[in-house]
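Visitor: Could you take me through one part of this model up close? I'd like to look at the spot where a ligand sits, and then at whatever is built around that spot.

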Amino acid sequence: MTHTVFIDGAAGTTGLEIAERLAGRAEFTLLTLDDARRKDAAARREALNAADFVILCLPDDAARQAVAMIDNDRTRVIDASTAHRVAPGWIYGFPEVSGHDAVAQAARVSNPGCYSTGFIALVAPLVRAGLLPADWPYICHAVSGYSGGGKALIERFEADRDIAWRGYALALGHKHVPEMQARCGLAVAPLFSPAVVPAHRGMMVEVPLPLAAMPGGASPDALRGALADHYAGSAVVAMGTAPESGEMLLRASDGGSDRLDLFLFANADASQVRLIARLDNLGKGASGACIQNLNIMAGLPETAGLRL
Ligand SMILES: NC(=O)C1=CN([C@@H]2O[C@H](COP(=O)(O)OP(=O)(O)OC[C@H]3O[C@@H](n4cnc5c(N)ncnc54)[C@H](OP(=O)(O)O)[C@@H]3O)[C@@H](O)[C@H]2O)C=CC1
Ligand SMILES: CC(=O)N[C@@H](CCC(=O)OP(=O)(O)O)C(=O)O
C-alpha cells in the first residue's frame, strides 16, 4: 500500500529536501503541483484534500490558510512552520519527548522548531525527572547555519560572504520561545539568544547551568545519566562523548544528518555545567523530523529513510 503525500511549499528549502528524500521511497506517492499552480488556491485545496498526508513547508500564515482549506477528516497534517506548535488539538512532533503513540495516532502534528529541538531535548527530560527546577530562568545560546532562514537568508549569506556572525532576535522575542517554555513545562520563558554563522546547515544549541546556584542539588553525573536513560531506546537522539581534542567544531562542509547528539560538560568542582545539543537545522530540525513523524504516523519503521 502506498500513502499519497502532498508537500505544500515543495519549492522552498525544507519542502525541496523532503520531496527529494521521499521521491525514492516506494511507500509514498507524491502529489505535485507545477510551478504555475503551486500558489493557486484552488489547485492547493484539491491536492490538500486528495492526500493521505500533507506536509506544510510554508510561512506561518500560509500554513494556517492551508489547514483551513482541508475539509475532510481523513487527510493528516504535519506542519513544519511555527503556526501550531502550542496550538490546542495539535501534537508536538517530537516523539522522543511527546511519546511515539501520541504522534502515531495524531491527525495534526506540529514539527518542532530547529532551535527548540535542541533546547527541549536537553531540558525537558531533566525538568520532568525533577533534576532541574521548572521555575528557573534558563538561558539558551545558539548558532545556526544560514539555511535556517529559508530562501531569503540563503540568498543574503551567499551574496555577502563577509558576514562572519549575525546575532538577531535582539528584542528577545524569538518565535521559538513559546514552544521551548511550554514543552519543557517552565514557569518562566527562557532567555534565548540565536545567531547565524556562514555555514549552510548545522546548529549548536547551548544551555549553561550555574548548577551550584540552582535549587535541586543535582550532580552533573545525575544529569548525564538521566539524559542517557531517557534516550536509551532512540536511534536518533543520543548522548555524545566528550571530544578528546577538547573542542567542538561545526564545519561549513558538514553534510545532512538526522541525528541529534547531546553533550554535558562540567567543571572540576561540579558547580557549572554546559548542556550542548548538536543537530542539522534541516535534518532533525526540519526535514528529518518530518520524515520521522511521517514514518510513525504511517505505521512504518520510525527510522526508514533517515540519515543516521
Ligand atoms: N529552514 C529551516 O531550517 C527550517 C524551516 N522551518 C519552517 O518551515 C517552513 C518553510 O521554511 P523554509 O523552507 O526555510 O522557507 P523557504 O522560504 O525556503 O520556502 C517557503 C516556500 O513556501 C512558498 N510559499 C509561500 N507562500 C505560499 C503560499 N501562499 N502558497 C504556496 N506556497 C507558498 C514559497 O514560495 P516562493 O518559492 O515563491 O518564495 C517557498 O517556496 C517555515 O515555516 C519555516 O519556518 C522549520 C524548521 C527549520
Ligand atoms: C537562522 C534562522 O533564521 N532560523 C529561523 C528558525 C528556523 C526554524 O526552525 O524555523 P521555524 O521555527 O519557522 O520552523 C529563525 O530564527 O527564524
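**Around ligand 2**

Guide: The shell around ligand 2 takes at least three residues from each of domain 1 (3-112 + 286-297) and domain 2 (114-282); those bounds come from an automatic or database domain assignment. Before we go on, this is a predicted model, so local features need pLDDT of at least 70 and side-chain atom pairs count only at pLDDT 80 or more, while totals for chains, interfaces and linings use all residues. Residues are numbered from 1 along each chain as its sequence is written, with chains lettered from A and ligands numbered from 1 in the order in which they are written.

Back to the ligand: 14 residues surround ligand 2, and the closest are G113, C114, S144, G148 and G149 (near here means a C-beta atom, placed from the backbone, within 6 Å). Sorted by class, that shell has five nonpolar, eight polar and one charged residues. For the classes, Ala, Val, Leu, Ile, Met, Phe, Trp, Tyr, Cys and Pro are nonpolar, Asp, Glu, Lys and Arg are charged, and the others, Gly among them, are polar.

Now the two domains themselves. Their centres, taken over C-alpha atoms, are 25 Å apart. Across the boundary, 17 residues of domain 1 are in contact with 21 residues of domain 2, contact being C-beta atoms, placed from the backbone, within 7 Å. On the domain 1 side, α1 (13-23), α4 (95-98) and α10 are the elements giving two or more residues; helices (H or I, at least four residues) and strands (E, at least two) are DSSP runs numbered from the N terminus. Helix α10 has the largest share of that side, five residues. By class, the side has seven nonpolar, seven polar and three charged residues.

Then there's the sheet. Six strands make an open sheet in the order β2-β1-β3-β4-β6-β5, with parallel pairing (strands pair if DSSP finds at least two bridges between them). Because β2 (28-31) and β5 (91-92) are at the edges with a single partner strand each, one side of each has no neighbour in the sheet. Further in, β4 (residues 76-79) and β6 (residues 108-110) pair in the parallel sense over three bridges, and I78 sits opposite V109 in β6. Helix α10 (residues 283-297) turns up here too: it packs on the sheet, touching β3 (53-56), β4 and β6, and its direction makes about 160° with that of β4. That angle is between N-to-C directions, on a scale from 0 to 180 degrees, using lines fitted to C-alpha atoms, for helices over the stretch in contact.

Definitions and conventions: Two residues are in contact if their C-beta atoms, placed from the backbone, lie within 7 Å.
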